[in-house]
Amino acid sequence: MFTEKNPLRLTVISGKGGTGKTTVTAQLAYTLSRIRRIVIADCDVDAPNLHILLNPEVVEEKPFSGLKKAKITDRCVSCGLCYKLCRFDAIVENDGRYEVDEKSCEGCSLCYNACPEEAIEMVEGIRGKIFVSNTKIGRMVHAILFPGEENSGKLVMEVKELAKAEADSTGAAAIVVDGAPGIGCPVIASLASTDIALIVAEPTLSGLSDLSRVLELTDHFRIKSAVVINKWDLNKEVTKKIERACIEKGVEIAGKIPYDDSIPKQISRLEFPFEGEAAEAIEGVWEKLREIVQ
Ligand code: SF4
Ligand code: SF4
């Protein structure tokens with residue numbers, strides 16, 4: 001693994017947002033990029049911010065169509081059946097006429113199948129955009145969802161597929177994925193086909209509980225995992241608890257990153273790659289991960 005013929009697929013995730021996941025992903029990607037060619041995929045499509053650090057120059061753009069949604073046509077005779085059936089309250093009535101509230105429609109097709117007049121069509125719409133860009137550390141695939149749009153699991157899958165295609169065509173030795181936080185559909189999609197999940201944990205009691213839930217998820221899907229504790233020295237007692245929990249579950253600690261107040265300052269000045277104690281610790285994480293995946 002970590003060769004052009006067998007690229008490493010590394011996904012960085014966390015129990016919730018705000019743990020420093022994107023900072024870790026960016027610096028880790030930079031570390032790998034100094035050794036081999038890489039592709040970066042931002043799969044945190046609901047709150048993407050890797051682009052702020054990597055300042056991508058877009059070279060390709062494609063629409064994301066997402067789910068088909070219902071649309072009521074002129075054949076509607078206002079019988080109200082679809083209105084009664086829709087469990088998502090996505091059909092609204094206005095002066096005896098029915099229409100679909102696109103933002104609420106989940107695309108289940110129940111109304112489409114039930115309408116006695118065949119007055120409903122399922123229509124594909126443009127729900128977002130996917131970009132392939134150049135950055136100073138390698139190709140990057142990233143995306144945006146238009147306001148109010150959901151279904152980010154499908155978008156995550158498309159970002160990953162495109163990142164894989166970019167890795168194949170550019171001969172990259174690794175795909176570094178900034179995964180979605182939490183344990184929902186987007187993070188499950190982020191983890192599909194990954195070789196190793198690096199879980200960023202923070203030393204708080206809620207961070208410990210978030211970590212347990214994420215480890216249950218990776219365990220369920222049998223994904224090899226390692227944990228990195230960010231700002232570990234802010235609460236050494238909880239850090240020890242996290243370490244104990246990892247030992248009990250047989251999960252390796254890939255590193256401990258100290259609190260470094262220069263990181264927020266570097267982020268606010270858009271200075272990347274990072275420098276300082278925390279940046280050095282993240283570089284050490286790669287050495288440990290390399291041992292784990294071999
Ligand atoms: S079920 Fe069909 S005909 Fe009846 S209100 Fe809905 S769209 Fe119109
Ligand atoms: S497709 Fe499903 S969610 Fe959308 S309007 Fe029809 S019944 Fe409601």
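**Figure 1. Pairing of strand S11 with strands S1 and S12 in the predicted model.** Strands S1 (residues 8–14) and S11 run parallel and are joined by five bridges; two strands pair if DSSP finds at least two bridges between them. Val12 has Leu198 as its bridge partner in S11. S11 and strand S12 (residues 225–230) also run parallel, joined by five bridges, and the bridge partner of Ile199 in S12 is Val227. Helices (H or I, at least four residues) and strands (E, at least two) are DSSP runs numbered from the N terminus. In this predicted model, local features need pLDDT of at least 70 and side-chain atom pairs count only at pLDDT 80 or more, whereas totals for chains, interfaces and linings use all residues. Residues are numbered from 1 along each chain as its sequence is written, and chains are lettered from A and ligands numbered from 1 in the order in which they are written.

**Figure 2. The two faces of strand S11.** Six of the six residues of S11 (residues 196–201) are buried (20 or more other C-beta atoms within 10 Å of the residue's own, C-beta atoms being placed from the backbone). Ile196, Leu198 and Val200 point one way, and Ala197, Ile199 and Ala201 the other.

**Figure 3. The largest nonpolar core.** Among its 72 residues, Val159, Val176, Leu198 and Val227 touch the most other members; such a core is a set of buried Ala, Val, Leu, Ile, Met, Phe, Trp, Tyr and Cys residues joined through C-beta atoms within 7 Å. Helix H10 (residues 277–293) supplies the largest share of this core, seven residues.

Methods. A residue is buried if 20 or more other C-beta atoms lie within 10 Å of its own, exposed if 12 or fewer, and partly exposed in between; C-beta atoms are placed from the backbone.
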